[in-house]
Amino acid sequence: MTDKTKKYGPNTTIVHAGSDPQNQRGAVNPPVYHVSTVAHPSMDAMREARLGSDRNFVYGRHGTPTSMAFEEAAAAIEGGERAKAVSSGLQAVVAATLAFVERGDHILMLDSAYAPSRRMTEGILAKMGVETTFYDPLIGAGIAELMRPNTKVVFTESPASHTFEVQDIPAIVDAAHKGGALVIIDNTWSAGHYFKPLAHGADVSVQAATKYWVGHSDAMLGCIITSEEHFPKIRASVAALGCSAAPDDCYLGLRGIRTLSVRLERHEQNGLKLAEWFAGQPSVDRVLHPAFDTCPGHEFWKRDFTGASGLFSVVLNPVGQKAVDAMVDGLELYSLGGSWGGYESLVLPSSLEGSRTATEWDFSKPCVRFHAGLEDIDDLIEDARAGLNRLNAAA
Ligand SMILES: *Cc1c(COP(=O)(O)O)cnc(C)c1O
């Protein structure tokens with residue numbers, strides 16, 4: 001067992017955090033505890049367990065030894081003190097936000113947010129009487145001008161879904177804290193490995209663990225990572241919603257985490273090479289990859305991140321839908337679908353219409369999102385080349 005008080009490097013943390021074989025008969029991975037009832041040996045023992053119930057095993061919905069092992073690893077990876085596993089990434093977004101707002105409050109949401117996060121503000125939050133202002137993801141310190149006395153949360157996501165604007169998190173944190181609001185970040189793109197938002201002042205980090213942590217396109221899982229200070233509200237929100245994560249999925253999340261750093265290295269290399277290849281093609285307008293200077297906010301990626309994952313977008317020169325369809329439909333190695341972060345490559349034309357109210361977007365140029373998987377890069381490039389040839393032939 002590793003010394004929990006010692007700070008290890010990020011790769012060591014990924015391998016060892018939350019591991020406790022001697023407490024489970026030497027099994028290296030934690031058993032999957034399928035539990036609803038937890039039987040207590042006495043009234044006194046039950047009272048004691050309930051008193052410390054944020055760490056104890058008291059009822060299946062509040063966590064199991066399997067979910068707790070996953071949460072311990074999650075907190076360590078993100079550089080937080082506590083974490084709560086929930087049933088999906090979207091559940092993590094919603095439970096984290098609801099922890100800090102009530103009727104009459106106001107939140108700020110980036111204009112290029114993951115679409116269901118945006119819908120949360122227009123749906124649940126609006127019904128609750130919480131008002132939302134959408135802001136330009138590149139606003140930086142300018143967010144101070146949008147702060148109101150009742151602004152409780154500034155929601156960030158960096159880089160943003162589909163359009164990859166990288167946000168100036170320290171500047172946003174500074175303005176939010178001065179105005180008395182907390183900052184929540186959706187940190188899924190970096191997988192918590194290439195960006196440590198809590199070290200940059202963010203209060204709560206949210207992971208769609210479904211993506212890189214699970215890593216094999218087969219389980220839905222979310223996680224909320226924060227400090228001891230904010231944890232009681234997160235815990236209460238998750239308890240009130242009853243949205244605990246299933247033990248098998250926590251097991252898969254923890255198992256996926258153990259190989260996260262090596263998988264990400266290949267996703268990063270393949271993503272960089274593929275994006276570079278796309279950037280040189282005449283039918284391509286530009287690539288939206290945080291490591292490229294054509295990506296808005298690239299300077300913040302360079303300043304704050306230690307690497308890039310495998311997800312980026314390609315903005316094509318204006319071309320009809322039929323040509324885009326011809327490119328996508330014949331691809332052999334890229335599956336057409338969402339939920340990136342698995343081992344395989346993906347493609348997904350973005351449908352951004354109607355998703356922006358605070359910023360402009362040029363809809364005449366199709367934006368296609370790619371996830372670079374773990375395949376051989378030459379094969380990925382050849383398949384993409386054939387795709388662009390089909391696009392050009394159908395244009
Ligand atoms: C996929 C995703 C989510 C939601 O995760 P699910 O597990 O699918 O609910 C949230 N944020 C981002 C950025 C995502 O890509």
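**Exercise 1. Find which residues are linked with Arg-118 in a network of salt bridges.**

Step 1. Apply the criterion: a salt bridge is a side-chain nitrogen of Lys or Arg within 4 Å of a carboxyl oxygen of Asp or Glu. Side chains of opposite charge can pair when their charged atoms come close.

Step 2. The network of salt bridges joins Arg-118 with Asp-111 and Glu-122.

Step 3. Note the basis of the values. The model is predicted, with residues numbered from 1 along each chain as its sequence is written, and side-chain values use heavy atoms, leaving out hydrogens and water. Local features need pLDDT of at least 70 and side-chain atom pairs count only at pLDDT 80 or more, while totals for chains, interfaces and linings use all residues.

**Exercise 2. State how many salt bridges the whole structure has, and describe the pairs of Arg-82, Asp-105 and Arg-303.**

Step 1. The search of the whole structure gives 14 salt bridges.

Step 2. Arg-82 pairs with Glu-228, and their closest N and O atoms are 3.4 Å apart. Helices (H or I, at least four residues) and strands (E, at least two) are DSSP runs, numbered from the N terminus. Arg-82 is buried at a relative accessible area of 8%, whereas Glu-228 is partly exposed at 36%. Here buried means under 20% relative accessible area, exposed over 50%, and partly exposed in between (1.4 Å probe, protein chains only).

Step 3. Asp-105 and Lys-152 meet through their side chains at 2.9 Å, N to O. This pair links the loop between α4 (89–98) and β2 (106–110), which holds Asp-105, to strand β4, which holds Lys-152, over 47 residues. Asp-105 is buried, with 7% relative accessible area, and Lys-152 is partly exposed, with 30%.

Step 4. For Arg-303 and Asp-168 the closest N and O atoms are 2.6 Å apart. Arg-303 sits in helix α10 (residues 298–304) and Asp-168 in the loop between β4 and α6, 135 residues apart. Arg-303 is partly exposed at 46%; Asp-168 is buried at 14%.

**Exercise 3. Identify the peptide bond that is cis and describe the positive phi values of His-162 and Ala-191.**

Step 1. The cis peptide bond runs from Ser-158 to Pro-159, with omega near -10°. Pro-159 is in the loop between β4 (151–157) and α6 (169–178).

Step 2. His-162 is also placed in the loop between β4 and α6. Its phi is near 70°, positive although the residue is not glycine. His-162 is buried, with a relative accessible area of 18%.

Step 3. Ala-191, another residue other than glycine, has a positive phi near 60°. The loop between β5 (182–186) and β6 (204–207) contains Ala-191, which is buried at 0% relative accessibility.

**Exercise 4. Is Cys-243 buried or exposed, and which residues is it in contact with?**

Step 1. Locate the residue: Cys-243 lies in the loop between α7 (231–241) and α8.

Step 2. Cys-243 is buried, its relative accessible area being 4%.

Step 3. Leaving aside neighbours within four places in sequence, Cys-243 is in contact (heavy atoms within 4.5 Å) with Ala-85, Val-86, Ser-87, Gln-91, Ala-95 and Val-238.

**Exercise 5. Describe the contact between domain 1 and domain 2.**

Step 1. The domain assignment gives domain 1 (10–257) and domain 2 (261–394); such bounds come from an automatic or database domain assignment. Domain 1 puts 37 residues into the contact and domain 2 puts in 42 residues.

Step 2. The buried area is about 3400 Å², with 59% from carbon and sulfur atoms. Buried area is the accessible area (1.4 Å probe) that two parts lose on being put together, summed over both. Trp-189, Tyr-194 and Tyr-212 supply 27% of the area that domain 1 buries against domain 2, more than any other three residues.

Step 3. Between the domains there are 2 salt bridges. Glu-165 also forms a salt bridge, with Arg-356, at 3.1 Å between the closest N and O atoms.
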